[in-house]
Amino acid sequence: MSTLQVTNSLTRKKEAFQPINPPFVGLYVCGPTVYNEVHLGNVRTFVAFDIIYRWLLYSGYKVRYVRNITDVGHLTDDTEEDKMLKQAKVMQLEPMEVAQKYTNGFHDVMDLFNALRPSIEPQASGHIIEQIEMVKEIMDAGYAYEANGSVYFNVEHFNAEHGYGQLSGRNIDELLSNTRELDGQSEKRAPLDFAIWKHAAPEHIMRWPSPWGDGFPGWHLECSVMSTKYLGEQFDIHGGGMDLKFPHHECEIAQNKGSNGNGGANYWLHSNMLTVNGTKMSKSLGNGFTPAELIAGDHELLDQGYSPMVVRFFMLQTHYTSTLDFSNAALKAAEKGYQRLMKAMVALTTLTYENGQVDASINGEVKKAMEAAGEHMNDDFNTAMALADLFELSNRINALANNQQHVGTLEEDTFNQLKAFFPKFITEVLGLLPETTGGDSHMDEVMQLLIEIRQDARSNKDFSTSDKIRDRLKEAGIQLLDGKEGTSWEKA
Ligand code: AMP
Ligand code: ZN
């Protein structure tokens, strides 16, 4: 088996992945801002990193996966209004109520798309003391200054000593030439400086005491602090959407180096944007729809509703580093592809081995396709190519199930491997689960498959998966009945 290659934004190259302390891997992914609902663009990024997490687990790594919740003021620049406070005012709620409401909603969405929960999900608001500490360290090292109760990172000074802009490939002169001159009102010494601590005006509700007076942390600081706290000063992978590369991740690196001399992660991975007619889907542009709207088909961009698994499949058909344009036609095609895969998975469960005339070439092709799926995942998590391998296997499975080809054309070993590999790869690596779309005549077969997956999970002591299957079916109004003769099901 080949070794895993990843595209590292830091070096702009595909590199062999070498964890600092194998088999342990530290993975930090910037989580959602929770002042409103996530849209499908956000889901794409979280699904991309879910695949990365799943592949690392499948490859035998012990992953500590940290994904934060940005629940403290999300200021995209130093002067803009705090979006969390704005939303709290509109909804007449406490800011923490807003954060909780949308955090709960985010979890529901991640469950719908079958994205695994992280190992740690720290909240920015729970790490204010650590953030104040890091501000102090950066100041002590001489890379930040105080002005009127706020603290700013001194980018030019940092640049002179460490270089700023390595991740995004921007140099400071270019950045300066694109930046407005500071007006006389600004507390910042230079236009590229960014706030790491902000003074809170009297009406600002989210505020904490600090050596510089009451205030709140700058947006970029939380991820530097929480990744360092849970994964160490130097860890393996840091991820997020491409739009976070600059300024968010660039500023994170500066803060990390400015406070402890290390740059945080060895590998910076970025997933590309979900677009609508070529434009990035975003909260502010209003060209986004929520997962609930997507499922119900309740948005002007949607011809019909699409199930979460179909959408997940649609996302996996494109490599995570490429942009993905939303279209109804592409989703309808994905629906067909997804169903083909599910049907093959069901058909495989009905097959049992019988001896026959082994066909070395067919047997070899099946083995090769199974290997290729793994090789493709090792090639920078190429789900698009891995899906092509699975389709090749689906064709073979269908031929066996339709009696166009005898199971004995495969060696018994290959047949058994295929039976274990195919559903495991689809459900565990790609996270694609069977789902019924109402009035489906394959309900029985699909239920049989779910029962088998649950049984396998229990035999592997993977009780979180087995409980999840039982609980999610219960939510969907289906009761699993465990008896001496095995498991059956009924509509509750
Ligand atoms: P936010 O809550 O806006 O900070 O976004 C959460 C995550 O979604 C970040 O990693 C963003 O980079 C990512 N993201 C935002 N818009 C899109 C999009 N249109 N396509 C893919 N990812 C996105
Ligand atoms: Zn972040």
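**Figure 1. Aromatic ring pairs in the predicted model.** The count of aromatic pairs comes to 18 in this predicted model. One of them joins Phe-17 and Tyr-61 in an edge-to-face arrangement, with 5.8 Å centre to centre and 85° between the planes. Phe-17 belongs to the loop between strand 2 (13–16) and strand 3 (24–29), and Tyr-61 to the loop between helix 1 and strand 4 (62–67), so the pair links distant parts of the chain, 44 residues apart. Phe-17 counts as buried, because its relative accessibility of 5% is under 20%.

**Figure 2. The tilted pair of Tyr-353 and Phe-415.** The rings of Tyr-353 and Phe-415 are 5.4 Å apart centre to centre, with 45° between the planes, and the pair is tilted. Tyr-353 lies in the loop between helix 11 and helix 12 (360–378) and Phe-415 in helix 14, so the pair ties together parts that are 62 residues apart in sequence. Both Tyr-353 and Phe-415 are buried.

**Figure 3. A ring cluster and two charges over rings.** Trp-55, Tyr-58, Phe-421 and Phe-425 are linked into a cluster by ring pairs. Elsewhere, Arg-67 places its charged end over the ring of Phe-46, 5.6 Å from the ring centre. Likewise, the charged end of Arg-189 sits over the ring of Tyr-145, and here the distance from the centre is 3.9 Å.

**Figure 4. The second largest pocket.** This pocket has a volume of about 1,600 Å³. Its lining consists of 50 residues, of which Asn-114, Leu-433, Thr-465, Lys-468 and Ile-469 are the closest to the centre. Elements that give two or more residues to the lining include helix 1 (40–58), helix 3 (95–112), helix 11 (328–349), helix 14 (412–429) and helix 16 (463–475). By class, 26 lining residues are nonpolar, nine are polar and 15 are charged. The pocket lies between domain 1 (5–271) and domain 2 (335–435), because both domains give residues to its lining.

**Figure 5. Asn-114, a residue of the pocket lining.** Asn-114 is among the lining residues closest to the centre of the second largest pocket. In the chain, Asn-114 is placed in the loop between helix 3 and helix 4 (128–140). The phi angle of Asn-114 is positive, about 55°, although the residue is not a glycine. Asn-114 is buried, with a relative accessible area of 5%.

**Figure 6. The largest cavity.** The structure holds two cavities of 30 Å³ or more, and the largest has a volume of about 100 Å³. It is lined by Arg-44, Val-47, Ala-48, Ile-51, Met-315, Leu-316, Thr-318, Tyr-320, Phe-381 and Thr-383. Helix 1 and helix 10 each supply at least two of the lining residues, and helix 1 gives the largest share, four residues. Seven of the lining residues are nonpolar, two are polar and one is charged.

**Figure 7. The loop between helix 12 and helix 13.** Phe-381, one of the residues that line the largest cavity, is located in the loop between helix 12 and helix 13. Phi of Phe-381 is near 55°, a positive value in a residue other than glycine. Phe-381 is buried, with a relative accessible area of 1%. Asp-379 is found in the loop between helix 12 and helix 13 (383–401), and at 28% relative accessibility Asp-379 counts as partly exposed. Asp-379 and Glu-15 are 364 residues apart along the chain, while their C-alpha atoms are separated by 9.8 Å.

**Figure 8. The second largest cavity.** This cavity holds about 30 Å³ of space. Phe-158, Gly-163, Tyr-164, Gly-165, Gln-166, Glu-250, Ile-253 and Ala-254 form the lining. Helix 8 (residues 245–260) contributes the largest share, three residues. The lining divides into four nonpolar residues, three polar and one charged.

**Figure 9. Two cis peptide bonds.** The peptide bond from Phe-246 to Pro-247 is cis, with omega near 0°, and Pro-247 is found in helix 8. A cis bond also runs from Pro-22 to Pro-23, with omega near 5°. Pro-23 is placed in the loop between strand 2 and strand 3.

Key
Residues numbered from 1 in each chain as written. Chains lettered and ligands numbered in written order. Predicted model: local features only at pLDDT ≥ 70, side-chain atom pairs only at ≥ 80, totals over all residues. Heavy atoms only, no water. 1 Å grid on protein atoms, 1.4 Å probe; cavity = no way out; pocket = protein on both sides within 12 Å on 5 of 7 lines; lining within 4 Å. Points joined across faces, edges and corners; volume = space filled by probe spheres on them. Nonpolar A, V, L, I, M, F, W, Y, C, P; charged D, E, K, R; others polar. Domains from an automatic or database assignment. Phe/Tyr/Trp six-rings, centres within 6.5 Å; stacked < 30°, edge-to-face > 60°. Buried < 20%, exposed > 50% of the residue type's maximum accessible area, 1.4 Å probe, protein only. Lys NZ or Arg CZ within 6 Å of the ring centre and 35° of its normal.
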